[in-house]
Amino acid sequence: MKWLLQWSVLPWSVLLISGLIYQSHANADSNSSDKDVAAGARLYIQCTGCHSPSYHRTGPKHCGLMGRQIGSVSGFEFTQAMQGAQFIWDKDTLDKFLRSPLTAVPGTSMGYKGIASPSERKQLIRFLSTLNANNPLCKR
Ligand code: HEC
């Protein structure tokens, strides 16, 4: 029952999963992109050891990530490697980064080996794209 304990100390995750369950019940003919978002939310659990959508932890918050300059969100101390990188987060830059963070941004302190599966990266990126101002996860 260890997982149960982990959920209870991560209230936003509970909100996220219950929201998704609600959504999938409410929307009988949910299309493939909804399914990608739901699958991406499950994959995001790999990130929550260090990240949260709405606040900084070991890693920076992810709300508002899409369209943001890399290493720019205020209140988080990025490495020189991330501050010095010059690109905007979008589908393509996230895909490269999540495949292999250290290859995409040499010197980053993000201690994560990357996600080999292209379809898993796509699902995760679809979920990250939903983390905008309209998402309840970003209003906390
Ligand atoms: C072991 C901790 C850890 C894990 C696990 C982790 N990250 Fe990170 N992440 C970080 C740290 C630390 C940084 C800042 C790195 C730097 O400054 O070089 C970061 C930075 C990022 C950034 C850049 C954000 C910005 O505003 O420029 C993105 C995007 C990101 N992580 C996505 C993810 C995703 C998606 C996952 C899950 C697949 C993940 N991370 C897993 C620690 C982690």
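**Helix packing and selected residues**

Helix α5 passes α7 in a right-handed crossing. This is a predicted model, so keep that in mind throughout. To place the two elements: α5 covers residues 91–99 and α7 covers residues 118–129. Their axes come within 10 Å and cross at roughly 125°. That angle makes α5 oblique to α7.

Which residues of α5 meet α7? On the α5 side they are K91, L94, D95, L98 and R99. On the α7 side they are R121, L124, I125 and L128. By class, this contact has five nonpolar residues, four charged ones and no polar ones.

How do the axes of α3 and α7 cross, and within what distance do they come? The crossing is at roughly 95°, and the axes come within 7 Å. That makes α3 roughly perpendicular to α7. From α3, the contact uses S33, D36, V37, A39, G40, A41 and L43. From α7, it uses E120, K122, Q123, L124, R126 and F127. Here the residues divide into six nonpolar, three polar and four charged. L124 of α7 is listed in the contact with α5 and again in the contact with α3.

Stepping back to the chain as a whole. There are seven helices and zero strands, so the pattern along the sequence reads α-α-α-α-α-α-α. The chain has 140 residues, of which 18% count as buried. If we take contacts between residues at least 6 apart in sequence, 50% of them join residues at least 24 apart.

Next, the ligand. There are 24 residues around the ligand, and C47, C50, G59, T79 and T108 come nearest. What classes make up that shell? It divides into 13 nonpolar residues, 10 polar and one charged.

Setting aside residues up to four places away in sequence, R99 touches G114, I115 and R121. R121 is also on the α7 side of the contact with α5.

Then H51, in the loop between α3 and α4. G59 is among the residues that come nearest to the ligand. H51 and H62 are 11 residues apart along the chain, and their C-alpha atoms are separated by 7.4 Å.

Last, G67. Where is G67 found? In the loop between α3, residues 32–43, and α4, residues 80–84. G67 is exposed, because 10 other C-beta atoms lie within 10 Å. Beyond its neighbours within four places in sequence, G67 is in contact with I88 and W89. From G67 to D90 the C-alpha distance is 6.0 Å, and the two are 23 residues apart in sequence.

Definitions and conventions. Residues numbered from 1 in each chain as written. Predicted model: local features only at pLDDT ≥ 70, side-chain atom pairs only at ≥ 80, totals over all residues. Axes fitted to C-alpha atoms, helices over the stretch in contact; angles between N-to-C directions. Helix = DSSP H or I, 4+ residues; strand = E, 2+ residues; numbered from the N terminus. Parallel < 35°, antiparallel > 145°, perpendicular 65-115°, else oblique. Left-handed = near helix turned anticlockwise from the far one by under 90°. Contact = placed C-beta atoms within 7 Å. Nonpolar A, V, L, I, M, F, W, Y, C, P; charged D, E, K, R; others polar. Buried ≥ 20, exposed ≤ 12 C-beta atoms within 10 Å, placed from the backbone. Near = placed C-beta within 6 Å.
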